[in-house]
Amino acid sequence: MWIKKKEVERLSEFVKGYISGEELDIRDNREGVFNILKNDIYSLVKKKNEQIKVIKSERDNLSDYMADISHQLKTPITSMMIMADLLEEAETGKQAEFIHNIQVSLNKMEWLVGALLKMAKLDAHAIDFIKKDINTSELLEAVKPSVAILLDVNNQTLKLKRDCVIHCDKRWTVEALTNIIKNAIEYSSKDSVIVVDSGENPMYRWISVKDSGLGMDKTEYAALFKRFENSTNENGFGIGMPLALSIVKGQGGDIDVDFGGDGQGTTFIMKFFK
């Protein structure tokens, strides 16, 4: 079999271009062993480029996590350092106040670091979800202890409209549902009812949470599931909803939003595809 010198030179230029980062295409649909070789080399190069992109993305994600952790921990750490410096010379009443504030900051830091580590594991697909059939009512009962104080402070109540069997990982789904309900509490008025509903259709089973707020502007949607972007609560970090989305997507599902308005609150729908 004779191979033209130009063909070999072209293949050589492709390999050199690949080494220098150029995007070239040498695929050839003609018959022949040499053309098969060119196609195989192209496939190998394409696969390697995709692997490099994945590695770069993972590196960038790790960098983002480190930046997020550094930024979010800076304020409470600085605050605790100042209070610790003032603690020894402060009056008795102020000492108790400083100690309480330090404890509050430590609790917030513990929650934040835990949430970020969970998101890192979810993004790295390092979580093995154990799915079982479980009723929405059972999921909601597991959520209640985490939101009881918030509901009591605002004199709000949770109401389950309909029960349904959901095929999901209980532990992680409770975490996601807790964050969505906390968001609903934050945006609902006092003395109001937060309605939880569930059901199924031929494509998926679902759980919805409807707040009693004024509804959401569509322009707010872009920041809704972006970390550290969407929290009006001074104690919030804007990470609860992104974490909820990561958990549901990790189980092959998704979260939809009915923006409400005209006297209707916002509704978040967790979808678990069959």
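**Figure 1. How much of the protein chain is buried.** Buried residues make up 37% of the 274 residues in this predicted chain, where buried means under 20% relative accessible area (1.4 Å probe, protein chains only).

Figure 2. You can find 7 helices and 7 strands here, taken as DSSP runs (helices H or I, at least four residues; strands E, at least two) and numbered from the N terminus. Mean pLDDT, the predictor's confidence in each residue from 0 to 100, is 84 for the chain. Over residues 232–236, though, pLDDT stays under 50.

**Figure 3. A look at helix α7.** After α7 comes G252, with a positive phi near 85 degrees.

**Figure 4. T266 in its loop.** T266 sits in the loop between β6 (254–258) and β7 (267–273). T266 is buried, at 4% relative accessible area. Beyond four places in sequence, its contacts (heavy atoms within 4.5 Å) include V209, K210, V257 and F259. A polar atom of the T266 side chain lies 3.3 Å from the backbone nitrogen of M216.

**Notes.** Residues are numbered from 1 along each chain as its sequence is written, and side-chain values use heavy atoms, leaving out hydrogens and water. Because the model is predicted, local features need pLDDT of at least 70 and side-chain atom pairs count only at pLDDT 80 or more, while totals for chains, interfaces and linings use all residues.

Terms used: Buried means under 20% relative accessible area, exposed over 50%, partly exposed in between (1.4 Å probe, protein chains only). A polar contact is a pair of N or O atoms within 3.5 Å; within protein, one must be able to donate a hydrogen and the other to accept it, and residues adjacent in sequence count only if both atoms are side-chain atoms.
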